[in-house]
Amino acid sequence: MTDALEDHFGTVSIRGRPITNLRFADDLNGLAENECKLASLVEQLDKASSNFSMEISAEKTKIMTNSKESSKKEIKINGQILESVTKFKYLGSIISDEGSKPEILSRIAQTTAAQTKLKPIWNNKNIAISSKIRLLRSLVLSIFLYACESWTLTTDIERRIRAMEMRCYIRQLGISYKDHITKEEVRRRIENAIGPHVDLLTIVRQRKLKWYGHTTRSSGLAKTIMQGTVQGGRRRGRQKKRWEDISENGQDLC
């Protein structure tokens, strides 16, 4: 990577700190301020890799722009044109130009699927309700909470999280929708089984606040990205809710 970046100047500057890439194990995200400089970075990285008998997978490499318009320039690796996408998976999470929503919806779907796979446990009458709920929280809901610290919560997303959690508990208690049991009654039965507990949305908020405090006290790259700004401006009109907006106002983290 050092060889590839030796003559590269098309970096993204955040708070005056140039950032060219994000690395974790064998995953790499290359950053550039425009398409031409990104193409140059990819070309230099491909050339540097060849010098060490390494090859970049064109099939697994994707391009995403931080703009309403998709990439217009063809960027190639070994003669193959790289696909331009609006979202991709990085370290198990979906990175999208729509923000956190695709990732959260994906987590809800994965959580529902995990609960369905454990149906033999939920239908076992020899297992106490309290044990089933604890298994649910450790084996199923933990899937949903992965990387939740980075999520931006909106009113619609909060509603979906509450609904998903309620569906999980209704299934644990063996309640049919024909029974017309209220949500308050479901919560009361859950508390009777395991005692006072923190709901899923509150856990997400607490984890976001804990990560915010940890990052603010540090002096690493995460703090630079979270508190810094980049060149350019936001579009006119009503703006989308940002992670830092929620954190500064405290309305989502308290």
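Author: The side chains of Glu83 and Lys62 meet in a salt bridge, 2.7 Å from N to O. The pair links distant parts of the chain, with Glu83 in strand S8 (residues 83–84) and Lys62 in strand S5, 21 residues apart. This is a predicted model, in which local features need pLDDT of at least 70 and side-chain atom pairs count only at pLDDT 80 or more, while totals for chains, interfaces and linings use all residues. Residues are numbered from 1 along each chain as its sequence is written, and side-chain values use heavy atoms, with hydrogens and water left out.

Reader: What counts as a salt bridge?

Author: A salt bridge is a side-chain nitrogen of Lys or Arg within 4 Å of a carboxyl oxygen of Asp or Glu.

Reader: How many salt bridges does the count come to by this rule?

Author: The count comes to 8 salt bridges.

Reader: Which residue forms a salt bridge with Asp156?

Author: Arg160 does, and the closest N and O atoms of the two are 3.0 Å apart. Both residues lie in helix H5, 4 residues apart, about one turn of the helix. Arg160 is partly exposed at a relative accessible area of 30%, and Asp156 is partly exposed at 25% relative accessibility.

Reader: Which residues are linked with Asp156 in a network of salt bridges?

Author: Lys101, Arg159 and Arg160 are linked with Asp156 in that network.

Reader: Which elements do the buried residues of H5 pack against?

Author: They pack against H2, helix H3 (119–122), helix H4 (129–144), helix H6 (183–194) and helix H7 (200–217), where contact means heavy atoms within 4.5 Å. Among the buried residues of H5 are Ile157, Ile161, Met164 and Tyr169. In helix H2 (residues 101–117) one finds Leu105, whose C-alpha atom is separated by 9.2 Å from that of Ile161, 56 residues apart along the chain. Leu105 counts as partly exposed because its relative accessibility is 31%.

Reader: What comes just after H5?

Author: Gly174 does, with a positive phi of about 70°.

Reader: Which residues have a positive phi although they are not a glycine?

Author: Ser53, at about 60°, is one of them. Ser53 is found in the loop between helix H1 (35–51) and strand S5 (62–63), and its relative accessibility of 72% makes it exposed. Ala147 also has a positive phi of about 60° and lies in the loop between H4 and H5. Most residues other than glycine have a negative phi.

Reader: A change of topic: how do S3 and S4 run?

Author: Strand S3 and strand S4 (residues 27–30) run antiparallel and are joined by 4 bridges; two strands pair if DSSP finds at least two bridges between them. Asn21 stands opposite Gly30 in S4. The strands form a hairpin with 2 residues between them, and Ala25 in the turn has a positive phi of about 55°.

Reader: Lastly, how many helices and strands are in the protein chain?

Author: The protein chain has 9 helices and 10 strands. Buried residues make up 33% of its 254 residues.

Conventions
Buried < 20%, exposed > 50% of the residue type's maximum accessible area, 1.4 Å probe, protein only.
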